[in-house]
Amino acid sequence: MSPLLEYAGVKVKIGSRVMKEQAQAVLEQQPQQVAQVALEVFFNIMKAWRVKGKDQIILLGKPAESTFYNWKKGKASTLSVDTLERISYIMGVYKALGILFPTREQADAWLSKPNQAFNGETALSFMLKGSMIHLSDMRRYLDAQRG
């Protein structure tokens with residue numbers, strides 16, 4: 001039996017080919033709720049990682065400062081697919097670190113330590129290069145470490 005995903009009253013078999021279509025329908029029907037939840041999770045992760053506001057803007061894809069500060073206040077009506085994808089990668093990184101390390105403190109601290117896998121840069125510095133590919137590469141790297 002396939003596991004089910006439920007969001008906003010929509011139940012979908014994980015891995016089913018209609019899952020993407022139904023997720024898109026939820027996004028279209030409740031974009032404000034999706035935006036608010038995604039941003040709340042993002043800002044909670046940023047707080048745990050102690051990421052500065054200017055760096056949060058980069059991770060979100062460089063929205064206008066006024067937009068960013070409205071988002072921080074919980075004022076968001078919609079998010080672009082690009083921004084949602086960026087938040088999704090950040091969530092995946094956060095989750096992977098929580099699996100790889102025995103404590104949340106160690107997981108969060110890892111981001112700020114130099115790493116040979118990133119040519120001696122920190123993982124956070126690598127992600128702050130601003131490209132979606134850097135977020136994707138980080139997520140892929142951590143998933144590979146998990147095995």
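Helices (H or I, at least four residues) and strands (E, at least two) are DSSP runs, numbered from the N terminus. The model is predicted: local features need pLDDT of at least 70, side-chain atom pairs count only at pLDDT 80 or more, and totals for chains, interfaces and linings use all residues. Residues are numbered from 1 along each chain as its sequence is written, and side-chain values use heavy atoms, with hydrogens and water left out.

**View 1. Secondary structure of the protein.** The protein has eight helices and two strands. Along the sequence the pattern reads β-β-α-α-α-α-α-α-α-α.

View 2. Of its 147 residues, 35% count as buried, where buried means under 20% relative accessible area, exposed over 50%, and partly exposed in between (1.4 Å probe, protein chains only). The protein exposes about 9000 Å², with carbon and sulfur atoms supplying 52% of that area; accessible areas come from the Shrake-Rupley method with a 1.4 Å probe, and for residues only the protein chains shown count as cover. Among contacts (heavy atoms within 4.5 Å) between residues at least 6 apart in sequence, 52% join residues at least 24 apart.

**View 3. Helix α5, residues 81-100.** The 20 residues of α5 should span 28 Å at 1.5 Å a residue, and the end C-alpha atoms are 28 Å apart, which agrees. The expected span is 1.5 Å times one less than the number of residues in the helix.

**View 4. Y69 in helix α4.** Helix α4 covers residues 65-72 and contains Y69. Y69 is partly exposed because its relative accessible area is 40%. Y69 and G53 are 16 residues apart in sequence, with their C-alpha atoms 9.2 Å apart in space.
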